[in-house]
Amino acid sequence: MNWKRATIAAATAAPVIGLLAWGMTRDPNDIPSPLPGREAPAFQLAVFAPGQGDLQRPIGDTVKLADLRGQVVVLNFWASWCLACRDEHALLSTVAREYSDRPVKFLGVLYNDVPDKGLAWIAEMGGQSYPSVDDPGARVAIDYGLYGVPETFFLDVNGRVAYKHTGPVTPTVLRVKIDSLMAAGAATEATPGASGDSAKADAAGKDVKARTGR
Amino acid sequence: MMPLRGLVRAARVLAAATLLVATVQVTAAAAQAPELPAAPKGAPQDSGALRVQVLGTLSDAQKNDPVLEAKTKTVASELRCPVCQGLSIQDSPSELAQQMRTVVKERLATGQSEQDVKDYFISKYGEWILLEPQAHGFNLLVYALPALLVVGGAGLIVLLVKRWTAAPSAVAAGDGAGADEVSPD
């Protein structure tokens with residue numbers, strides 16, 4: 001009789017405890033993005049911060065995402081009021097310069113901020129090697145399912161979102177993602193067709209796993 | 001024998017109470033899981049002063065169209081504000097929520113249905129953006145489970161209470177506590 005009761009109690013308690021334990025492993029602030037694997041939302045935004053050296057774009061120039069097809073794009077949403085953006089700024093600037101002769105484009109997108117404040121912030125931070133564009137009304141941000149800054153999107157050579165990084169990027173994530181996306185892009189170029197597509201699919205799959213495992 | 005019997009009875013009452021509390025808690029937890037749109041008390045309300053700022057593609061007539069405004073409100077109160085805790089973009093005064101409401105209004109103004117607009121936000125933020133999960137597939141569990149647990153729990157309690165209050169000789173025999181006559185206590 002006691003054994004029977006104990007079994008019933010255990011059978012009842014186990015799923016509840018299991019459910020609660022699973023709940024503890026989840027971060028309620030972590031919003032899953034449906035974007036990775038899909039085509040990156042198109043945009044046309046005007047440059048307000050020109051960048052430096054080879055990476056420079058004139059102020060007022062319109063950056064069209066479609067024109068960046070064939071290159072890996074690192075799209076970084078930031079704001080001058082964003083504290084975490086300070087942590088990744090130097091890294092992004094350095095890596096963008098490092099990869100300046102590779103098929104990679106870095107682009108900053110100002111989020112809910114005034115371009116003048118953005119420029120002042122860039123000056124305060126000691127410059128930004130790559131250009132930044134303004135996003136009035138946060139339309140592009142909403143199109144990318146943004147919920148805060150900094151968020152960084154890695155787009156593959158076919159203009160698809162390969163990976164979304166929430167919070168300041170780390171050197172490892174930044175370099176590994178760019179390198180793997182460039183490699184996948186080169187593979188596509190070398191062998192157009194099925195093999196290249198599967199390489200891309202693999203890269204995308206890994207990215208999704210990396211994100212969900214966070 | 002009397003104190004022992006009293007003790008056993010007390011233990012049973014305690015067990016029943018624990019079961020009841022556990023049932024209620026599990027039910028409440030299940031009901032809370034989808035974070036239904038229960039705006040916290042004293043949550044900032046839309047003041048009207050913080051109206052949408054960028055109305056790029058809306059004409060003056062559309063800006064003041066009460067039907068469009070009502071539709072916008074309906075859709076906006078079903079969408080979760082990404083930078084808040086459990087608030088809809090209708091109830092949130094945050095900048096992003098206002099910008100999202102502008103997008104809702106503009107999309108409705110172009111003739112999109114309310115479902116179209118919701119689908120757009122789902123395609124960007126995932127189903128997470130809906131304050132109330134859609135009632136299909138796995139989500140049905142969220143709606144069905146609390147009701148099932150309440151019914152099941154009530155049934156279990158009725159069954160146990162019936163058994164415990166039944167003629168003590170029958171239970172006592174099973175318990176192996178002896179077949180003493182029941183003593184009034």
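Where does Ala138(A) lie?

Analyst: Ala138(A) sits in the loop between strand E5 (132-134) and helix H4 of chain A. Helices (H or I, at least four residues) and strands (E, at least two) are DSSP runs, numbered from the N terminus. This is a predicted model, in which local features need pLDDT of at least 70, side-chain atom pairs count only at pLDDT 80 or more, and totals for chains, interfaces and linings use all residues. Residues are numbered from 1 along each chain as its sequence is written, while chains are lettered from A and ligands numbered from 1 in the order in which they are written.

The backbone comes next. Ala138(A) is not a glycine, but its phi is positive, near 55°. Ala138(A) is buried, with 24 other C-beta atoms within 10 Å. Buried means 20 or more other C-beta atoms within 10 Å of a residue's own; 12 or fewer is exposed, and in between is partly exposed, with C-beta atoms placed from the backbone.

Asn112(A) also has a positive phi, about 45°, without being a glycine. Asn112(A) lies in the loop between strand E4 (104-110) and helix H3 (115-124) of chain A. Asn112(A) has 20 C-beta neighbours inside 10 Å, so it counts as buried.

The peptide bond from Val149(A) to Pro150(A) is cis, with omega near -5°. Most residues other than glycine have a negative phi, and most peptide bonds are trans.

Now the core. The largest nonpolar core has 67 residues. Such a core is a set of buried Ala, Val, Leu, Ile, Met, Phe, Trp, Tyr and Cys residues joined through C-beta atoms within 7 Å. Val109(A), Tyr111(A), Ala141(A), Leu155(A) and Met100(B) have the most contacts inside it. Leaving aside neighbours within four places in sequence, Val109(A) is in contact (C-beta atoms, placed from the backbone, within 7 Å) with residues including Leu75(A), Phe77(A), Val133(A) and Val140(A).

Next, the contact between the chains. Chain A gives 16 residues and chain B gives 17. H4 (95-109) and H5 of chain B each supply at least two residues of the side of chain B that touches chain A. The largest share of that side, six residues, comes from H4(B). By class, the side has nine nonpolar, six polar and two charged residues. Here Ala, Val, Leu, Ile, Met, Phe, Trp, Tyr, Cys and Pro count as nonpolar, Asp, Glu, Lys and Arg as charged, and the others, Gly among them, as polar.

Chain B itself has seven helices and zero strands. Buried residues make up 19% of its 185 residues. H3(B) packs on both helices named above. The axes of H3(B) and H4(B) come within 9 Å and cross at roughly 125°. Axes are lines fitted to C-alpha atoms, for helices over the stretch in contact, and angles run from 0 to 180 degrees between N-to-C directions. H3(B) and H4(B) are therefore oblique to each other. Under 35 degrees counts as roughly parallel, over 145 as roughly antiparallel, 65 to 115 as roughly perpendicular and the rest as oblique. The residues of this contact are six nonpolar, one polar and three charged.

H3 (66-76) and H5 (114-125) of chain B pack at about 40°, with axes 10 Å apart. That makes H3(B) oblique to H5(B). Lys71(B), Thr74(B) and Val75(B) of H3(B) meet Glu114(B), Val117(B) and Lys118(B) of H5(B).

Technical notes. Two residues are in contact if their C-beta atoms, placed from the backbone, lie within 7 Å.
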